[in-house]
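Here is a short briefing on one protein structure. Keep the view open as you read, and find each residue as it comes up.

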Amino acid sequence: MGNDQLKKTIGFWVGTSIVVGTVIGSGIFMKPGDVLELSGNSTMALLAWLIGGLITLASGLTIAEVSTRIPKTGGLYVYLEEVYGKVWGFLCGWVQTLVYGPAVMGALSLYFGLLLSGIFNISSDYTLAIGIITIVFLAAMNLLGTKYGGIIQTLSTVGKLIPIIFIAVFGIIQGDMPVFNIASESTMKVSMAGAILATLWAYDGWMNVGFMAGEMKNPQKTLPRAIITGILVVMVAYLAVNLAMLHVLGPEGVVEHGTNAANVAATMLFGELGGKLIAIGILISIFGCLNGKLLTFPRITLAMANDKMMPGHKQIGKISPRFKTPINATILQVIISIIMMVVTNPDKLTNMAIFSVFCFYGLAFFAVFILRKRDPHAKTYKVPLYPIIPIVAIVGALYIVVSTLIDTPLDALYSLIILVIGMPVYWLLKKSEYARG
């Protein structure tokens, strides 16, 4: 009965706000400098943000059909297992547990440390320590029960929209720097693929939109409308913030200040106190985004442990008897995140995360064609402009995977090593399962 009631709770506006809330995190504040450097000039940087948004839109609409045809919890892990078999589901969950989840959380923690250091003039030597303290604190809050995690999430959703609106509106009105076709004076090798990859970090989180299908009043109509509206709102917000920052700081200023550019722009627009308040809003946004990841990512690991698809599944699948939270799955991901934070920087972690997950996104997008062939008359939501939109999503995924392998092969190497290790691990797990009988 509860399930039937749940299916009728989410309408268009709530669905749209979930899309916006799950996508906006650290990227819009941390990545404009990287995108400008990699694209070479301001117009190409804005184009990279637009292309990243269009890839995200096509991806979200395609996954929405997969999720309505496979209405099970577990997301990507379940979709791939259902369509391609257990080995692909396992490899997806394995890479999400050991690469994607920890890399995302590690990058967010380091960005939080960088921004906090910048706002309060703390030595950058403490960035790593701040990041580690932040992830450990939020993990502890989530392990004490989802109620605390939920409170943090609600407050941060409001907090993240305030700096975006203020920087966008006042930056566009008050800025006086030229915006279009200005060289970024970058010392880096120009790579449009790298620039688009950087924007996709800011758009990441859209996969969660498909999880809402079973809880919507009329998913056939509401889901695509919520996805289109939500991602368009995010695209407009991202383009507006970039225009504003270019207008206030100029391309050279955005590149020079890097991850601190939004903070500097806010200080120029609103004075020392106003700038600090806006920067605190940005901190809240990153804090909430990290909290959301700590709330959800360990559930993938837990689902795999419950399916006996993780080494040490009995321990990893342990639930806290008192707080009913996935204690060991969370601790495992936090430990891997901290190791990643110690050995590399947040920009490399974002590249690693996006590369690792887009390898599997491509398979999930192609699943639409397989599912339609299996059941062409299914009464579910169907992606509009089929097959064009799924093809755009697949081409976008291939573009990201291939260009990362060419441009930054070391960022892809760790993900590929973990993927390859996963194959014998899967074989050993299956062998021990058969031995148990």
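**Aromatic rings**

Trp 206, Phe 358, Tyr 361 and Phe 365 form a cluster, linked by ring pairs. The model is predicted. In total, the structure holds 18 aromatic pairs. A pair of aromatic rings is described by two things: the distance of the centres and the angle of the planes.

Two pairs to find:

- Phe 112 and Phe 287 have ring centres 5.6 Å apart and planes at 40°, so this pair is tilted.
- This pair links distant parts of the chain: Phe 112 sits in helix H7 and Phe 287 in helix H12 (residues 261–306), 175 residues apart.
- Phe 112 has a relative accessibility of 11%, so it counts as buried; the cut-off for buried is under 20%.
- Phe 366 and Phe 369 also make a tilted pair, because their planes stand at 40°, with the centres 5.7 Å apart.
- Both of these residues, Phe 366 and Phe 369, lie in helix H15 (residues 346–374). They are 3 residues apart, about one turn of the helix.
- Phe 366 is partly exposed at 42% relative accessibility. Phe 369 is partly exposed too, at 22%.

**Charges over rings**

- Which ring lies under the charged end of Arg 225? The ring of Phe 12 does, with its centre 4.5 Å from that charged end.
- The charged end of Arg 372 sits over the ring of Tyr 386, 3.7 Å from the ring centre.

**The Tyr 386 to Pro 387 bond**

- The peptide bond from Tyr 386 to Pro 387 is cis, with omega near 5°.
- Most peptide bonds are trans.
- Pro 387 lies in the loop between H15 and helix H16 (388–407).

**Buried residues**

- Is Val 234 buried or exposed? Val 234 counts as buried, because its relative accessibility is 1%.
- Val 234 is part of helix H11 (residues 219–257).
- Leaving out residues up to four places away in sequence, Val 234 touches Val 20, Val 23, Ile 24 and Tyr 203.
- Val 234 and Gly 53 are 181 residues apart along the chain, yet 8.2 Å separates their C-alpha atoms.
- Ser 337 is in helix H14 (residues 327–343). Its relative accessibility is 0%, so Ser 337 counts as buried.
- Which residues does Ser 337 contact, leaving aside its neighbours within four places in sequence? They are Pro 102, Met 105, Gly 106 and Ile 135.

**A nonpolar patch on the surface**

- Phe 120, Ile 122, Tyr 126, Leu 273, Leu 277, Ile 280 and Ile 284 make up a nonpolar surface patch. Together they have about 670 Å² of accessible area.
- Phe 120 belongs to the loop between helix H7 (86–119) and helix H8 (127–143).
- With a relative accessible area of 42%, Phe 120 is partly exposed.

**Positive phi in two loops**

- Most residues other than glycine have a negative phi.
- Asn 121 has a positive phi, near 55°. This residue lies in the loop between H7 and H8.
- Asn 121 is exposed, because its relative accessible area is 69%, and the cut-off for exposed is over 50%.
- Asn 181 has a positive phi as well, near 55°. Look for Asn 181 in the loop between helix H9 (146–174) and helix H10 (192–203).
- Asn 181 counts as exposed, at 58% relative accessibility.

Definitions and conventions
Residues numbered from 1 in each chain as written. Predicted model: local features only at pLDDT ≥ 70, side-chain atom pairs only at ≥ 80, totals over all residues. Heavy atoms only, no water. Patch = residues over 30% accessible without salt bridge, like charges linked within 9 Å, V, L, I, M, F, W, Y side chains within 5 Å. Areas by Shrake-Rupley, 256 points an atom, 1.4 Å probe, with all protein chains shown as cover. Salt bridge = Lys/Arg side-chain N within 4 Å of Asp/Glu carboxyl O. Helix = DSSP H or I, 4+ residues; strand = E, 2+ residues; numbered from the N terminus. Buried < 20%, exposed > 50% of the residue type's maximum accessible area, 1.4 Å probe, protein only. Phe/Tyr/Trp six-rings, centres within 6.5 Å; stacked < 30°, edge-to-face > 60°. Lys NZ or Arg CZ within 6 Å of the ring centre and 35° of its normal. Contact = heavy atoms within 4.5 Å.
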